[in-house]
Amino acid sequence: MNKFVGKITISEILIWAFLLILLAFVLVPILFMFVASFMDAKQILAMPFDWIPSKEYFTRADRTFATNFIKAIRGNNNNNIFFKNLFNSLVVALSCSVTTVLLASLCGYGLAKFKFKGRNLVFISIMATMMIPFEAIMIPLYMVTQKFGMINTYPGMIVPFLVSAFGVFQMRQYLLTFPSEYLDAARVDGLGEFNIYARIVLPNSTPVIATLSILSFRNQWDNLLWPLLVAQQEKMKTIPQYITKFSEEKLTDEGAMMAVALLASIPMFVLFFSLSRYFLGGAAVYESRKG
Amino acid sequence: MVRKKDSLPKHKVYSIERKQAKWGFLFTVPCIVFFAIFAFYPIFYAFVTSLTNRKAIDRTWDFVGFENYVYIFTKDNGGFALSNSVRATLTFTLGTFVPMIVISLIVAVFLMQLRKDKQRGFFQLAYYTPAVLSSVVAAAIWMILFDPRGLVNQFSNTIMGTSGVDYNWLVDSVMLQISTMLVYFWKYIGYFVILFITGLASIPPTIYEAATVDGASRWKCFWRITLPLLKPTTVMVSIMAMLQCLKTFSTQYMFHQGGAARKPIDVITMNIYFTGIRNGRLGRACAMSIVLFFIMLGLAYLQLATTKSAEDVEY
Amino acid sequence: MLIGAIFVYIKSNSFVDEDLVTISIEYWTYLDPARNELEAELIQEFERKNPEVKVNMTIYSSAELIHILPNALSAGRGPDVFNIQQDYISSILEKGYINAINCEALGYSSFLEVQDDYIEGALSGVMKYGVVYGIPMEFTNWCLYINKEKFREAGLDPETDYPKSWEDVVEISEKLVVREDGILVERGFDFRYPQYLTFFVPMVQQLGGSIYNADGNLELTNEEAWIKAFTFMQEWGPLHKNLGSPTYINARKSFLNDEAAMMLSGLYHIQWMEFSYPELYEKDDWMIVPFPVFEGGNEVAAAKYCHYWCVNRESSDEKKDGAWSFIGYLSDNAESYLTRAYKVSPQKSIVENLESYGIPYSSVFIEELDNSEFVYSGPGAIEIKNTIETLIKEVMLLGLDPEKAVIRLEIAINGLSNQ
């Protein structure tokens with residue numbers, strides 16, 4: 001019996017050690033970003049690295065704890081374009097997540113709960129687009145966008161991401177399990193098909209909607225490639241572009257760099273920690289494809 | 001709730017099914033239109049452009065047949081051959097997704113051993129945190145960490161028991177590739193842990209109980225029960241990871257901007273970007289896009305095939 | 001934060017309405033804080049004097065502008081006026097997207113008068129078959145900035161020990177570098193990596209090689225010189241002497257941060273120093289010396305390059321006239337460009353009197369001009385620049401054999417000259 005307990009303890013220790021090492025690996029860079037945004041370039045690259053921002057940094061006359069953050073917001077041009085770019089990111093990410101939810105749920109509902117000719121063809125074609133990598137079509141998309149004069153406009157930034165095949169798939173899988181009795185009851189009550197969708201299906205799909213909208217918000221928040229092509233004017237840029245540009249410019253020091261990284265992450269952190277269950281659920285919904 | 005009468009004309013003789021079928025189709029129309037315009041049309045357009053000598057700076061262009069394909073498969077494209085990009089992409093993909101799958105599986109199994117749900121929740125949340133950061137932020141942090149004076153090099157020296165060795169994380173072609181893999185691994189490990197946990201959670205505990213009664217050790221349980229039952233999840237997750245790795249761009253792009261040599265990390269997407277956008281060779285870049293499309297399609301076919309067989313497995 | 005963002009957005013969108021405006025000109029320029037500020041003021045003055053014209057300035061980072069501009073022009077969506085760096089101009093010029101200068105609208109009576117205003121060669125970068133397609137805004141040549149304190153710390157006397165040759169640069173850098181526990185912490189000198197046409201080609205020219213032959217046609221001449229220059233870079237890089245690397249933090253930034261003792265830059269950097277590192281600037285413990293030359297090599301200084309103002313050929317005639325008179329107005333203010341933004345216009349009146357403006361070390365820059373060629377900006381300039389960048393990175397970081405690098409460069413250059 002004793003032997004048995006001892007075995008558990010050892011394996012448990014090993015498990016904990018493994019998990020904690022991975023935890024350190026995962027969290028150290030994030031922690032680094034936090035502390036480095038309160039440091040100057042010299043301390044950030046000091047050997048050995050000191051995790052506590054030096055007193056010298058705070059006590060120098062020309063600095064406050066927020067110096068790096070002020071630099072990050074002002075940009076090297078002192079034009080405060082940061083806020084405009086942040087706003088752009090929010091506009092694009094929010095629009096995309098709203099339209100994704102609406103279009104994907106509509107389509108997913110149609111595919112899950114109706115039988116019509118060519119339904120399977122529609123479903124398979126939409127799934128097939130998942131296999132078209134965005135990178136493979138970005139140049140034609142760019143040429144089309146340019147032709148329609150949508151360079152440097154919100155529509156140009158949003159339209160290619162109105163809905164995702166993955167979103168349609170998620171919604172369909174979820175709605176397959178939606179009890180058809182509710183829908184039939186509503187029909188008997190004389191509710192129109194669109195109203196059934198808007199008043200019964202949508203309100204009863206909150207978990208999957210939350211997950212889907214968070215995922216598409218995150219994807220657009222993270223999107224660099226497309227804005228790099230279509231948002232060329234400074235006032236139309238998004239946060240990932242702001243960071244890329246900030247790191248390219250000649251006067252940016254590492255402290256300000258980390259400050260801008262931290263600022264850009266705050267909206268996502270807030271979203272993540274307040275809605276973590278849906279974030280973690282996002283993976284679970286994917287798995288639910290097994291039925 | 002306000003009820004509204006169905007506004008459809010009732011005198012027409014539609015069967016309920018047909019009326020519903022019409023609605024079902026109507027609901028899918030917006031998406032069909034969208035995907036036709038923003039997925040099928042561009043890939044067709046890409047194919048057509050790949051048959052031309054189009055450049056960004058020119059207004060006129062000619063059809064040149066498969067010249068671009070011949071070019072990208074036989075010429076070195078100014079030092080950045082497609083073959084090198086395929087190599088870089090496949091190296092990155094293999095080097096990233098194999099460790100990712102193995103470690104996330106191990107971690108998921110370990111997390112299931114934890115006694116308290118709260119502990120498991122904490123680890124899940126913490127591991128997932130890097131996925132929340134945008135790739136650009138991730139690359140910005142890691143660029144500093146990979147400096148010869150940075151934490152990674154300091155840590156490497158501690159681990160290797162050396163002192164003052166510059167491990168050339170951004171210089172050496174092998175180290176540079178490892179660096180990009182490390183960043184990607186760091187970012188997505190949490191996501192895959194959660195996928196596996198979901199898979200593990202769906203295995204009925206009664207199976208383990210039965211096995212334990214039969215006197216099977218934990219090790220045996222893992223090999224004989226967990227792993228076979230997890231096969232569908234593993235197959236699906238690994239192919240998904242593989243497809244994602246094939247599309248990597250931002251990490252490599254940031255590293256290149258930071259001064260690293262392009263060749264070792266010139267993944268296909270980066271080559272498309274440089275050839276098409278930076279150098280303005282649209283025809284050539286579109287040909288590469290089509291090649292990438294077929295690589296993805298091949299792997300996607302694999303995914304569909306295996307997922308199908310995976311779905312047949314019953315607990 | 002969201003509220004703040006919305007507020008800023010609303011604020012930036014509220015502009016004054018103007019009834020008189022009949023011509024609206026779009027001006028694209030690159031990010032350059034002091035100059036952007038000056039130009040914003042000049043635009044206001046220009047609009048006051050010409051109430052029928054409105055100028056809308058859009059600022060891009062310089063790296064982006066050079067990629068966006070050709071695309072926009074070819075799509076027929078280019079701005080009316082823009083500035084562009086010399087080496088990027090030829091592709092646009094070849095395609096006929098820009099207009100020949102309009103002397104009258106610029107405020108000159110004849111082309112000869114324009115030519116007479118500028119130093120020799122200043123217009124050559126925008127000249128095709130004798131026709132001029134742009135007006136130079138500024139020109140830059142690079143010299144070596146030195147942090148004297150770092151020299152003294154290493155036991156050197158900056159006034160006498162400063163490097164004259166590239167061999168000196170290596171030798172002195174070895175003394176200046178600070179390695180903590182073997183890791184490079186401070187550099188003596190490092191190059192300005194992506195700008196190879198500006199510093200690397202002149203280094204090759206010092207050794208007797210070039211990217212064009214005596215007739216001015218593209219050709220890689222004197223392979224030996226190229227091999228020597230590539231080898232020099234390889235020795236410099238992290239695989240050998242480890243005195244610098246393109247992967248390290250930008251040398252100009254490190255110089256301002258007190259982490260590099262020397263760097264290459266133009267006169268304008270004095271102002272940047274003043275702006276971003278006042279401590280270093282005010283300590284007055286820095287100096288500027290000429291571009292080093294290989295021992296026994298030709299006296300070739302870093303290449304000088306211009307930024308030009310150009311006008312879109314597809315804009316309406318009205319807009320073109322407005323655009324040229326706008327350019328004329330800006331170039332009339334060359335003195336403000338110099339005193340406020342440290343931008344040196346290649347106008348004779350500015351260059352010849354540069355020292356009288358009291359900008360420190362301007363004489364060093366002027367003396368270098370005689371030995372300095374304008375950067376190569378003919379056909380294929382960008383392709384050559386990109387190829388050299390690729391090769392230098394591979395030579396320095398991946399250990400590519402310099403001889404192989406030269407062969408690859410030669411193939412690329414031959415390919416371009418055959419086109």
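Me: Where is A:P48 found in chain A?
Reply: In this predicted model, A:P48 is found in the loop of chain A that runs between α2 (41–44) and α3 (55–59).

Me: And what kind of peptide bond joins A:M47 and A:P48?
Reply: The bond that joins A:M47 and A:P48 is a cis peptide bond, with an omega of about -10°.

Me: Is A:N152 buried or exposed?
Reply: A:N152 counts as buried, because 20 C-beta neighbours lie inside 10 Å of this residue, and a residue needs 20 or more of them to be called buried.

Me: What about B:N77, where does that one lie?
Reply: B:N77 lies in the loop between α2 (67–74) and α3 (82–113) of chain B, and B:N77 has a positive phi of about 50° although it is not a glycine. B:N77 is buried as well, with 21 other C-beta atoms within 10 Å.

Me: Switching to chain C, how many helices and strands are there?
Reply: Chain C has 20 helices and 14 strands. Its radius of gyration is 23 Å, close to the 22 Å that the globule rule gives for 419 residues, so chain C is as compact as a globular protein of that length.

Me: How much of chain C counts as buried?
Reply: Of its 419 residues, 49% count as buried.

Me: Let's pick one helix, α2 of chain C. Which of its residues are buried?
Reply: The buried residues of α2(C) are C:R35, C:E39, C:L42, C:I43 and C:F46. Seen down the helix axis, these buried residues fall within an arc of 110°, so they line one face of α2(C).

Me: What covers them, and which residues are exposed on the other side?
Reply: The cover over the buried residues includes β1 (23–30), β2 (53–60), α15 (317–332) and α16 (334–341) of chain C, while on the other side of α2(C) the residues C:A40, C:E41, C:Q44, C:E45 and C:R48 are exposed.

Me: Last one, which residues have the most contacts inside the largest nonpolar core?
Reply: That core has 306 residues, and those with the most contacts inside it are A:I243, A:V260, A:A261, B:I141, B:F192 and C:A229. Leaving aside residues up to four places away in sequence, A:V260 touches A:A72, A:I243 and A:F246.

Key. Residues are numbered from 1 along each chain as its sequence is written. Chains are lettered from A and ligands numbered from 1 in the order in which they are written. This is a predicted model: local features need pLDDT of at least 70, side-chain atom pairs count only at pLDDT 80 or more; totals for chains, interfaces and linings use all residues. Helices (H or I, at least four residues) and strands (E, at least two) are DSSP runs, numbered from the N terminus. The radius of gyration is taken over C-alpha atoms; the globule rule is 2.2 Å times the number of residues to the power 0.38. A residue is buried if 20 or more other C-beta atoms lie within 10 Å of its own, exposed if 12 or fewer, and partly exposed in between; C-beta atoms are placed from the backbone. A nonpolar core is a set of buried Ala, Val, Leu, Ile, Met, Phe, Trp, Tyr and Cys residues joined through C-beta atoms within 7 Å. Two residues are in contact if their C-beta atoms, placed from the backbone, lie within 7 Å. The arc is that of the directions from the helix axis to the C-beta atoms.
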